[in-house]
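Good morning, colleagues. I would ask you to look at the structure on the screen while I take you through its annotated spans and its aromatic pairs.

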Amino acid sequence: MTVDTSPRIPARLEDEDPAAGLTVVPARHPGRWVATAVVAVLAAMAVNALVTNPAWDWPTVGRFLFAPSILNAVGLTLWLTVMGIVVGFTLGTVLALMRMSASPLPRAVSWAYIWIFRSVPLILQLLFWYNLALLYRVIGFGVPFGPALFSVGTMDLVSPVTAAVLGLALHQAAYAAEVVRSGFLSVDAGQLEAAAALGIPRPRQFRRILLPQAMRTILPTAGNELIGLVKGTSVVYIMALSELFYQVQVIYTRNGRVIPLLLVAAIWYLALTTVMSVAQYYVERHFGRGSRR
């Protein structure tokens, strides 16, 4: 008996691939098209309302958008933001390390600081620092619990701008501490144990192993905190500092153009936060190298 082992040639293409004769019909998404049309119409209506409504008073917006007083106020807003970021996250990193310490006293101090400054509203903290001279008229520097070597008047040492920086930075440090601590805890402890077994010094472990990986977790939340700090500087208007929101209030109180001046402030806040969002994107991409393909 002879077995035919030669390959069988199908009489028709359907014998080899049953699906070859089927007609491929692309999937239809009518709901997606309807949703796109609705969103487009709403967006066009919003733009039309902004352009055609004379109450927005765009000529006044253009006249005050780059006015010298507004630009000076934007400069003060940026300065308060930078100082709040630098001091707040520096102190927050120290508090995070204290919170993770094996010693109970630093942990307790860090926990108490975070608890107090997260519980008290920012506006109350600003008012406290602004009125610090009511509690201590003179601040002395010298031996702890001993004689003071020299003293400075509180009003001279803590000006309104200094009080604003202290309030913003100390308040921000409480939130930054938890952001930084969450990033440190996200790194596998086994990597540090392996580095210690290899004899890598602790500062190098922190700089080359812990920090680069922790930054991937820290940056998204830290970016939100920084953008919130830009807008949070508007709270210092209660201290009569000529930051952006306060300066806008001064101008529209004089000329009565409330809506266009508020729109000027909104445009500047939008521009500042947009720049910070773009910077956050590139910093995240830098620290995310190699984390995903």
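Helices here are DSSP runs of at least four residues, numbered from the N terminus. Please bear in mind that this is a predicted model.

I begin with the record. The unreviewed UniProt entry annotates residues 33-56, 76-98, 110-128 and 258-283 as "transmembrane region". In the model, the span 33-56 is 83% helix and 0% strand, and its end C-alpha atoms are 33 Å apart. For residues 110-128, the end C-alpha atoms lie 21 Å apart, with 89% helix and 0% strand.

Let me turn to the aromatic rings. How many aromatic pairs does the structure hold? There are six, and I shall present two of them.

Phenylalanine 66 and tryptophan 268 form an edge-to-face pair, with 5.8 Å from centre to centre and 80° between the planes. This pair links distant parts of the chain, 202 residues apart: phenylalanine 66 is in the loop between helix H3 (58-65) and helix H4 (68-99), and tryptophan 268 is in helix H12 (residues 258-287). Tryptophan 268, at 15%, is buried.

Tyrosine 113 and phenylalanine 117 form a stacked pair, 4.3 Å centre to centre, with 25° between the planes. Both belong to helix H5 (residues 104-119); they are four residues apart, so about one helical turn separates them. Tyrosine 113 is buried, with a relative accessible area of 16%, and phenylalanine 117 also counts as buried, at 16% relative accessibility.

Thank you for your attention.

How values were computed. Residues are numbered from 1 along each chain as its sequence is written. This is a predicted model: local features need pLDDT of at least 70, side-chain atom pairs count only at pLDDT 80 or more; totals for chains, interfaces and linings use all residues. Side-chain values use heavy atoms; hydrogens and water are left out. UniProt positions are given in the numbering used here, feature names are shortened, and annotations may be inferred rather than shown by experiment. Helices (H or I, at least four residues) and strands (E, at least two) are DSSP runs, numbered from the N terminus. Rings of Phe, Tyr and Trp (its six-membered ring) pair if their centres lie within 6.5 Å; planes under 30 degrees apart count as stacked, over 60 as edge-to-face and the rest as tilted. Buried means under 20% relative accessible area, exposed over 50%, partly exposed in between (1.4 Å probe, protein chains only).
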